[in-house]
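Subject: Structure handover

Hello,

The structure is below. My notes on a side-chain pair and a helix pair follow it.

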Amino acid sequence: AALEGYRLTVARIHSVSSGLDHFKDLGFNDQASLIKVNADLLVSLRGVIFFDKKNRGINQVLASLGIEDVLTVKKLFTDIMKEEKMGHIEYRNFNSVQEIGESDPAEMRYNILQTKVAEAVTDDIVAILMTYIILFSSDFCQISDTQKVTKTQEHFIKILQRYIYKI
């Protein structure tokens, strides 16, 4: 489930990226490099949002689906949604790839960081802007048009700053 979720998230990131004018304006190699290098960070951000303790299970499922999937799932989970039986989905229960030790220092640190990021992502707009900011991070990429990528990232950072100061 975890690997399939990862693949699906990367595919959606690629799909969303392909619809952004700022992304389409870049050369193919720059686009590929940004997706390849930043995919793990973007999947981690989506994971933070998915596993945020404020979310109930059914909301976690619905938020992770595409628009075309929501109606189907609402039909399948109607009873669960009405009775509110589906509790919060925990990371340790979802991750089928590795054994997670509760007392492992790396896992404990990961959980702390995940909680802090979840607290910072206050709503959908912040989540979207953070996604764009991470997508246009050229810190670890081989980019031919570094100036354009940097300016695009700065553009989204400024929008996020204005939005946060507004709320």
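D21 has 53% relative accessibility and therefore counts as exposed (over 50% relative accessible area; buried is under 20%, partly exposed in between; 1.4 Å probe, protein chains only). K24, at 46%, counts as partly exposed. The side chains of these two residues, D21 and K24, form a salt bridge with an N to O distance of 3.6 Å. The rule asks for a side-chain nitrogen of Lys or Arg within 4 Å of a carboxyl oxygen of Asp or Glu, and it gives a count of one salt bridge. D21 and K24 lie three residues apart in helix 2 (residues 21-24), which means about one helical turn between them.

On provenance: this is a predicted model, in which local features need pLDDT of at least 70 and side-chain atom pairs count only at pLDDT 80 or more, while totals for chains, interfaces and linings use all residues. Residues are numbered from 1 along each chain as its sequence is written, and side-chain values use heavy atoms, with hydrogens and water left out.

Now the helix pair. Helix 9 (residues 124-135) packs against helix 10 (residues 146-166) at about 160°, and their axes are 9 Å apart. The two are therefore roughly antiparallel (angles over 145 degrees). Helix 9 contributes I125, V126, L129, M130, Y132 and I133 to the contact (heavy atoms within 4.5 Å), and helix 10 contributes Q153, F156, I157, I159, L160 and Y163. By class, the residues of this contact are 11 nonpolar, one polar and no charged.

Regards

Conventions. Axes are lines fitted to C-alpha atoms, for helices over the stretch in contact, and angles run from 0 to 180 degrees between N-to-C directions. Helices (H or I, at least four residues) and strands (E, at least two) are DSSP runs, numbered from the N terminus. Angles under 35 degrees count as roughly parallel, over 145 as roughly antiparallel, 65 to 115 as roughly perpendicular and the rest as oblique. Ala, Val, Leu, Ile, Met, Phe, Trp, Tyr, Cys and Pro count as nonpolar, Asp, Glu, Lys and Arg as charged, and the others, Gly among them, as polar.
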